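Trainee: I'd like a close look at a single part of this model, with the cut-offs spelled out. Start with the aromatic rings, then move on to what surrounds them.

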Amino acid sequence: MIKKYLTISILSVLSLSLLIVVLILIYKFKANSNFIPEIVHNANIEKDNKQNNNKDFTWQEELAKWPSKNFTPAAEQFNLYIDVDTSDLKEKSKYYQLIIDKNDIYSVFCLKQTLKSFDVKYFLLKSSGSPEIFLDTGNKEFIDEIIKELKKYKINAQAKEIWL
């Protein structure tokens, strides 16, 4: 019971002190409200100046007449990073694409094993028709040997030169 009265009394004192602080601030605000007439006064002076100078000023002249304000920008340092795409400037490399006529599991297995035995880097892309194989070599004779090896497994292949 005592805790209840103690809590209520503390809250009452805090509320009363908050009310007193707010009233003091409102009183000081009303007493120091002379900044509003200054803004209106400055606006009236600018209107009179504009009416007296019936000239049409450029936006630069208008901007020069504005009063300067003292402020510090939020960021003192600004970094800008530009990543330029220079891929068109690089020299293109020659690769070969193998076009095969079969798309069954056995043929793809034989193709992978043949490419592995020749120790060539390749990229195999599965598409709707037949798989697309891109070989990382520019040697045409090497490609012809791979095609001959694939014919042993009855896989007909053609080589197409591409530049990337």
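How many aromatic pairs does a search of the whole structure find?

Mentor: Searching the whole structure turns up two aromatic pairs. One of them is Phe118 with Phe142, edge-to-face, at 5.7 Å centre to centre and 85° between the planes. This pair links distant parts of the chain, 24 residues apart: Phe118 is in the loop between helix 4 (105–117) and strand 2 (122–125), and Phe142 is in helix 5 (residues 140–151). For the cut-offs, rings of Phe, Tyr and Trp (its six-membered ring) pair if their centres lie within 6.5 Å; planes under 30 degrees apart are stacked, over 60 edge-to-face, and the rest tilted. Helices (H or I, at least four residues) and strands (E, at least two) are DSSP runs, numbered from the N terminus.

Some housekeeping: this is a predicted model, where local features need pLDDT of at least 70, side-chain atom pairs count only at pLDDT 80 or more, and totals for chains, interfaces and linings use all residues. Residues are numbered from 1 along each chain as its sequence is written, and side-chain values use heavy atoms, leaving out hydrogens and water.

Now the core. The largest nonpolar core has 16 residues, and Leu98, Leu111 and Leu150 are among those with the most contacts inside it. Strand 1 (94–100), helix 4, strand 3 (132–135) and helix 5 each supply at least two of its residues, and helix 5 gives the largest share, four residues. Such a core is a set of buried Ala, Val, Leu, Ile, Met, Phe, Trp, Tyr and Cys residues joined through side-chain atoms within 4.5 Å. Buried means under 20% relative accessible area, exposed over 50%, and partly exposed in between (1.4 Å probe, protein chains only).

Take Leu150: setting aside neighbours within four places in sequence, Leu150 is in contact (heavy atoms within 4.5 Å) with Leu98, Leu111, Thr114, Ile155 and Ala157.

Helix 5 has a charged pair too. Lys140 and Asp144 meet through their side chains in a salt bridge (3.8 Å, N to O), where the term asks for a side-chain nitrogen of Lys or Arg within 4 Å of a carboxyl oxygen of Asp or Glu. Both lie in helix 5, four residues apart, about one turn of the helix. Lys140 counts as partly exposed because its relative accessibility is 33%, and Asp144 is partly exposed as well, at 32%. The structure holds two salt bridges; Lys152 and Glu149 also meet in one, at 3.3 Å, N to O. Here Lys152 is exposed at 62% relative accessible area, whereas Glu149 is partly exposed at 22%.
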